[in-house]
Amino acid sequence: MSGPLSPLDRPNSYIGRTVPRPNLERLVEGRGTYVSDMTLPRMGHVVFVRSPYAHARIVDIDTGAAKQGEGVIAVVTGAELVEQCSPWVGVLSHLKGLKSAPQHAMAVDRACWQGEAVCAVVANSRAQAEDAAELVQVQYQELEPVTDMRTALEPHIPVIHAELGDNLAFERSLDAGEVDKAFSEADAVAEAEFVFGRHTGVTLEARAVLADWNPGERRLTVYQGTQAPHMMQNIFAKHLALEEAQVRVVCKDVGGSFGIKVHVYADEMATAALSKRLKRPVKFVADRIESFVTDIHARDHICKGRIAVKQDGTITAFAIDDLTGIGPYSMYPRTSAIEANQVVNLVGGPYQARNYRARARVVFQNKNVMCQYRAVGHPIACSVTEGLVDLAARAIGMDPLEIRSRNLIKDDAYPTDSPSGLKFESLSHHASLAKLKQMMDYDGLRAEQKRLRRQGIYRGIGLASFIEVTNPSAAFYGVGGARISSQDGVSVRMDATGAIIVQTSLTEQGQGSEALTAQVVASALGVTLDKVRVILGDTDNTPYGGGTWASRGAGIGGEAAWQAGKALRMNILEVAGTILQTVPDMLDIDQGVVVDKGTTRERIGLDEVARIAYFRPDTLPADFQAELLATRHYVPRQYPFAFTNGIQASWLEVDTETGFITLLNHWCVEDCGTIINPQLVDEQIRGGVVQGLGAALFEHCRYDERGQLTNGTMADYLVPMASEMPDIEVGHVVSPTLESELGAKGAGEAGTAGAAACVANAVNDALEPFDVTITEIPLTPSLILNALGRRGG
Amino acid sequence: MKAYAFDYVRAATLVEALSLLERAGEGGKLIAGGQSLVPALNLRLLAPQILIDIAQLPELRGITSDDTHIHLGAGTRHAELATSALVGQHVPLLQTAIRHVAHAAIRNRGTLGGNLAHADPASELPACMIALEATMLVVGPKGERRIDAIDFFKGLYETALEADDILVRISIARSPAETRVHFNELARRAGDYAMAGLAMVMHGTQPQGLRIRPVFFGIGDRPTLASHAARCLEQAADPMAGLAAAQQALSQDLSPQEDLQADADTRMQLARVLLKRGLTDLLAQGRG
C-alpha cells in the first residue's frame, strides 16, 4: 500500500458508524455531575437582587435588614464588588467602529435592563438567600427606557450611555457589483420587510457556577457550565486581578448550551468575585425566571430586503437593510455585533448573483443583552434570502424549486466566493436539491396540494437553501484581539494495561464531543472503543483550546484527535518494532493488537507492549525510550471557515379559520463532509431544526413599552414540544474538506439555519389563493388571522 | 426560586381537615395534587403558613354510580377519571376533555376537586361541569351544602367556596344514550391552556325540542354558558340554520379578554369557529 490511509480505510474504523455515546449510561442513570449537584465545605449560595426597571438610577441600597437575615453570610452591593472585579467592554478590533460601555459584575449606579443584578445576598441556603434578598431596600429613580429599536437612533430618544454619543453600537455597509444597474434592468423587483422576534435558547440545565477561591494556595477554581473553559480562565484572571495560572475552570456535565453558555455573564463574574471577597466557595444557579431575563437573547431583527430577477428566472441582485437591538451592552468578549455582521455576510450566499448591497445597524436598548445563539445570523439571512427568492418566483410565475435550480451556485464551480467575500471550498447545492426533491416527492406533494385546495384545505410547501459557517479559524475572534482560541489540542496516551486515555480541549454539553473524540482516536489507533476514555472540560488537565461552539468540535477538535491518535500509533509501533525486531512501517494496530500491516496476523498485544515499555524497559535497547503519550494541535489555515450547505423543506397546513399551523413533515439534506457518527449528526440536524421551528411558530421574548419582559416563565414562553413537531427526515451529501485528513465539517447549526425560513415560505405558499404575504415570525394564530383579515369583532 | 417556609400537615379524615382549616384561619391552604399550588408557592405568589394535605381523605375518594347519577370524589386524580369505565360509560364528555388537561405527569397527580376549586378560566373541567349541570357537594363548619356548577364559578380563580369549605364530591346526572357531547379546544401546544375551548352537550333527538349547552372556556374570566347562542340554535327550524345567528349572539354571551396568546378579536373569532365545528360534530354524531 502507498500513500496516506484514508480514515475510512483504517482497520476497525469507527468513522461513519453509529455507536453509543460513552457518557450516555452515566447520564441516564442519573449519575452525572452538574454544577447544581456539587456541594463544597463552607459553601454559600448567592441570590441576586435584580432591577425591576429597564432603566433606573440606583439612589440608595439599604442592606441592614438583609444582613440580619437567618443564615446570611454577606450582602454586597454592586458598588462594593468593584473592589474585586474590574469592568469590561465588549468590543473586537476587527468589527470596525463597534462601541460599548464598561459593564460591571453588578450595576454600580445605574441599572440598564430589567433583571440586571444590583446587589448580592450570600447565605447558607438558596431559600435563606431569597428570604434575605426581599429585605434589601433599593431606592430607584426610574429613567426613560429605550425599547423600540426603530426609534432608538432618533434625536428625541435618550442616549443610554451618554459618553458614547448615540445609541448606535455598530454599523456595516457593503456594496458589491452593480446593484443599481441590476435593479434598473430587472424584469421584476420584489421587496418585503422581514421581522424576527427576540427569543432565547432555553437550556434544560440553567446557567450554574460554583467558584472556590482558596486563599491557602491563592487559586480560584471555578466549576461552571461553560462551552469554553480556557476562554473563561483568561477572563476570570483578567478581571479578578489574577494570573491565568491561578485560575482553574472545570466543566463537568452540562445540560445543553446552544451558544447560551459561551459568554461572560455579569452574575457569574460576580459569583467568582464574591468567592474571592468572602474567601469561601460561592454557588450561583440561575432559576428559570432569571434565565429568561439574563441568558442572552438572540435575533430581534427588522430587515428590509429587495431582489431583482429576470423573466427567465435569473436572480441578478439582492439588497438588504438590517436593524437589530442588542440590549444596553455589547456582550463580552464575543460582542453583540457578530449576528448582524453574519447577516451581511450570508444573505444571497447560496446563489450566483454577484450584485449585493447591504447595510446593518446594531442599536442599544434597555432590554436583556443579546448575543450569539445557535446558527448566529443564519436564520435571519436565510429567511430574508429565501423569502425574497420565493417572492421573485411568484413575481415571474415560476415554481420555487425551479428558480432555485436556476440560481444556486453550480456544483462544479468551486472553489469560489460570494459577493460578501466568503470563500467556498466545495459545496453541493444542486446535489442536495436533487436529493431533497426525490426524498420529499416534490411533484407528488404539489399534486396533493392542488387536490386538497379544492376541498378548502390549505397546505403549503416551503424550501430554504442555506450555507453554514463551521470550523472557524482565527478570523472569527482571534484577529479581533479576543483571547479565544480557534485551535484545539488533544493528548492521547496508553497506560500500562494498553488502555487509552484522551485529553481534549473540546467540551461536552450533550452534543457528543466525547463520543466523536473516542471514535476518532480509536480509529486512528486501531483499538476498540471500550479501551478509550476521554477527559475534557478542565483547564488543569486538558491541552489548551477553544472548546465547543460554532460547529467546530468535529472539524477542529476531531482532526486534532485524529493526528494525536496517529502520532501515538507511530510511537507504539516503534516500541513494538523494537520488541519484535522489525521496522514499524511493517506493522499496524487492529482491535488493540499489533499485526503485520495489511493482514490480521497478530504479533503482540498492546497490553504486552505497555507492560514491556513501563515495567521491563531494561529488555529494550539502551538508546531507545518509549513515548506512549502524543499531543497534537490543529487549526484550519487555508479557509477562514469551512462552509457547509444544504436545503430544507416544510410541508404544513394552515387552518384559515383559526390561524393555526400544523407541521406535517420536514426534510433536511445537508453536507457536513465526512460523517463521524451518523446518529449524532442526524440528531444535531433534528435538534437544530426543532429550535428553528420554535422560532418560526412559538418562541418570543415579549417586552412591553417600558422594557418589561412579560412572558418569563415556561408557561408563557412557548418552547417547541414533541407533540407539535413533524417527522424530520435527514439526508446527506458528502463533500469532505480537503484541508484536514478527517474531512469533517460542522453540523450543529444547519438545522436551525433554515427551518424557520422554509416554514414561513410554506405558510405563504399555503395562503397563495388569498394573496397574502407574511414575513414575520413567530407565526402566531393572531398574526395569520390578521393577515387574512379574519377576526371577529 | 424557593417557596417561603411553611408548615405542613396531612389530615386523616374530613372532620380533622375541617378543624385544621378552621384553626389555621387565613394562613391555611388546602393541598391535594398540588399541580397549580406548588408552582404558585415556588414563584412566591402565595405564602401560606400551613398546608393541609387532603389528598388521602377517604371521604374524597372513589367513583360511584347510582340509578340516576355518577358521583366523583373530589380527590379523584385526572388519570383515574381518564381510565374509569363508569366515567366512560356515563359521562364520556369528561374523558374526552381529560386528554386536553396538561400532560400525563400532571394528570397523575392533579385532582378533580383541586382543578375545580382553583377555577382557572382556561381550565377544561369547570366548563364540562357547567355543560353537564353537575352539582358540587361542599362541607364547611356549618355542615353540607350543594352548589350547582353554574353558580360555583364566580370569576378569575374565584368560586362559591368559602375559605373554610372543602369540596367533597361532584355529582353528575348519567347521560342518556341519545345525549351527544362535544369537546374541543384550540391550544398552540398540546397540554397548554387553550386560547379558546368549548364543551357542548346536546339533549334530545328531534330538531324541535333540542336542549343545547355550549360552554366556552379560556375566553373570559370564567367558563361561560353561551345561553343566547344556545337559544338561537334551539329555536331554529334546524340547528344548523340557526348557526349564523348563534355565532353573532356570542358577542352577547362572551367577554373575550386579551392576554399574551391572543387579543379579544382573535378569541371571538375562535369562539365562533369552535361553535360551528362543535355543532357540525354533534349533528354528525346523530347521523352516525
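Helix α14(A) is mostly covered, with 13 of its 13 residues buried, where buried denotes under 20% relative accessible area, exposed over 50% and partly exposed in between (1.4 Å probe, protein chains only). This helix comprises residues 513-525 of chain A and reaches 18 Å from its first C-alpha to its last, close to the 18 Å expected at 1.5 Å a residue; the expected span is 1.5 Å times one less than the number of residues. Helices (H or I, at least four residues) and strands (E, at least two) are DSSP runs numbered from the N terminus. A:Gly526 follows α14(A) and has a positive phi, near 100 degrees.

The model is predicted: local features need pLDDT of at least 70 and side-chain atom pairs count only at pLDDT 80 or more, whereas totals for chains, interfaces and linings use all residues. Residues are numbered from 1 along each chain as its sequence is written, chains are lettered from A and ligands numbered from 1 in the order in which they are written, and side-chain values use heavy atoms, with hydrogens and water left out.

At the interface, 26 residues of chain B are in contact with 31 residues of chain A, contact being heavy atoms within 4.5 Å. The two chains bury about 2700 Å² between them, 50% of it on carbon and sulfur atoms; buried area is the accessible area (1.4 Å probe) that two parts lose on being put together, summed over both. On the chain B side, B:Arg188, B:Arg189 and B:Leu260 lose the most area to chain A, together 31% of what that side buries.

There are 6 salt bridges between the chains, each a side-chain nitrogen of Lys or Arg within 4 Å of a carboxyl oxygen of Asp or Glu. One joins the side chains of A:Glu134 and B:Arg44 (3.2 Å, N to O). Helix α12 (residues 264-287) of chain B gives the most to the side of chain B that touches chain A, with 9 residues.

Two individual residues are set out below.

Not counting residues up to four places away in sequence, A:Val159 touches A:Gly165, A:Asp166 and A:Asn167. With neighbours within four places likewise left aside, the contacts of B:Phe152 include B:Leu116, B:Met136 and B:Leu167.
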